[in-house]
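Have a look at the fold first, and then we'll go strand by strand and ring by ring.

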Amino acid sequence: MATTAGREGILVGVDPEEQSLPALAWAADEAVRRGLGLRMVLSVPPSRDTWHGDAEPHRTARCARGRNALATAAEAVRALQPGVPVTTELLDGVPASVLCREAAHARLVVLGSRWLGRWEEAFGTGSVVVPVSARARCPVVVVREPEHTSEDEPFLVVGVDGSGESSAAVAFAFAEARLRGVAVRAVRVRPRPLAGLGDAPGAEEEQERVPAGFLEPWLRKYPELDVTRGVLRGHPVERLSRASARALAVVVGRRGRGGRAGTRLGSVAHGLLRRAECPVIVVPGSGR
């Protein structure tokens, strides 16, 4: 069921029901930037009903639909970036599980995001975005909204909270910014103080900055980058979503300092997948 496919590259999850042109364009551009190929994968889940005689014809039809979707996606990428090596692969299994398995051999995973309800995306049998973002062993890029490329000074936003997970996000964001030749905005979000115990009511931003010591290793490694640091007051999802309104992408750790032990995807990453106005890049920590 597969064509030959390079294992070390960018893995793209193809949706048989809906082509995500922004996700395909993002993956194609990133392949050019990194000098990598694209491996486009579509997984056909097992039939739920094995008791009736029409199960096999139904599966055959689904496989044919999958092959057509792969061919269409590959054609779209070749039209966008003719020089990018593209391979396609039709696999058996539950899509999220297959993509998580195949991500072990990839540098990045790129997914589109259909507008699904919270329950369906988190728990539905067709759910892909949340489980792959939570479990893949490499960074996962979810492209629901295209990049904002019209800015005079394009930039990436990275969420910083001092945790090991956000450290991995910062490392990715700085490397990606150098690859693109763009600026970095490192944003830390802190809760609003209780009335009378802190800032004046209605204050949105603080003059304090993200501690330079946390960013120091990357500031030294990438001295050519334009890096700004800021601290915002409010809810992390709300403030990072607003910061993403003009960004190329927003980069966050998989599970930040406030995440509960045992959870795979933190509330901030989960919220940004639904609310960010640009692509979201979820980066696993060193412990995966």
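Let's start with two neighbouring strands: β1 (residues 10-13) and β2 (residues 38-44) run in the parallel sense and share 4 bridges. Strands count as paired here if DSSP finds at least two bridges between them. Leu 11 has Arg 39 as its bridge partner in β2. As for the names, helices (H or I, at least four residues) and strands (E, at least two) are DSSP runs, numbered from the N terminus.

Before going further, a word on the source: this is a predicted model, where local features need pLDDT of at least 70 and side-chain atom pairs count only at pLDDT 80 or more, while totals for chains, interfaces and linings use all residues. Residues are numbered from 1 along each chain as its sequence is written, and side-chain values use heavy atoms, with hydrogens and water left out.

**The sheet**

Zooming out, 10 strands make an open sheet with mixed pairing, in the order β3-β2-β1-β4-β5-β10-β9-β6-β7-β8. β3 (86-92) and β8 are the edge strands with a single partner strand each, so one side of each has no neighbour in the sheet. From one strand to the next, the twist averages 25°. Helix α3 (residues 95-102) packs on this sheet, touching β1, β2, β3 and β4 (108-112), and its direction makes about 150° with that of β2. Contact means heavy atoms within 4.5 Å; axes are lines fitted to C-alpha atoms, for helices over the stretch in contact, and angles run from 0 to 180 degrees between N-to-C directions.

Now for β9 (residues 250-253). Val 250 and Val 252 point one way, Val 251 and Gly 253 point the other way, and all of them are buried. Buried means under 20% relative accessible area, exposed means over 50%, and partly exposed is in between (1.4 Å probe, protein chains only). β9 pairs in the parallel sense with β6 (residues 155-159) over 2 bridges, and Val 157 has Val 250 as its bridge partner. β9 also pairs in the parallel sense with β10 (residues 280-283), over 4 bridges, where Val 251 stands opposite Ile 281.

**Some buried residues**

Where does Val 110 sit? It is found in strand β4. Val 110 counts as buried because its relative accessible area is 0%. Its contacts, leaving aside neighbours within four places in sequence, include Leu 11, Ala 23, Trp 26 and Val 143. Val 110 and Ala 23 are 87 residues apart in sequence, yet their C-alpha atoms are 6.7 Å apart in space.

Ser 166 is found in helix α6. With residues up to four places away in sequence not counted, Ser 166 touches Gly 159, Val 160, Asp 161 and Phe 214.

| Residue | Relative accessible area |
|---|---|
| Ser 166 | 3% |
| Cys 138 | 4% |
| Cys 278 | 2% |

Helix α8 (residues 236-243) has buried residues too: Val 237, Arg 239, Leu 240 and Ser 241. These pack against β6, β7 (183-190), β8, β9 and α9 (267-275).

**Cysteines**

How many disulfides does the structure hold? There are 0, a disulfide being a pair of cysteine sulfur atoms within 2.5 Å. Cys 138 is in no disulfide, and the nearest cysteine sulfur, that of Cys 100, is 9.3 Å away.

**Rings**

A search of the whole structure turns up 2 aromatic pairs. Phe 174 and Tyr 222 form a tilted one, 6.1 Å centre to centre with 45° between the planes. This pair links distant parts of the chain: Phe 174 is in helix α6 (residues 164-180) and Tyr 222 is in the loop between α7 (212-221) and β8 (227-233), 48 residues apart. Both Phe 174 and Tyr 222 are buried. Phe 214 and Trp 218 have ring centres 6.3 Å apart and planes at 50°, so that pair is tilted. Rings of Phe, Tyr and Trp (its six-membered ring) pair if their centres lie within 6.5 Å; planes under 30 degrees apart count as stacked, over 60 as edge-to-face and the rest as tilted. Phe 214 and Trp 218 are 4 residues apart in helix α7, so about one helical turn separates them. Phe 214 and Trp 218 are buried.

Charges meet rings as well. The charged end of Arg 185 sits over the ring of Phe 155, 3.7 Å from its centre, and Arg 33 lies over the face of Trp 26, at 5.9 Å from the ring centre. A charge sits over a ring if NZ of Lys or CZ of Arg is within 6 Å of the ring centre and within 35 degrees of the ring normal.
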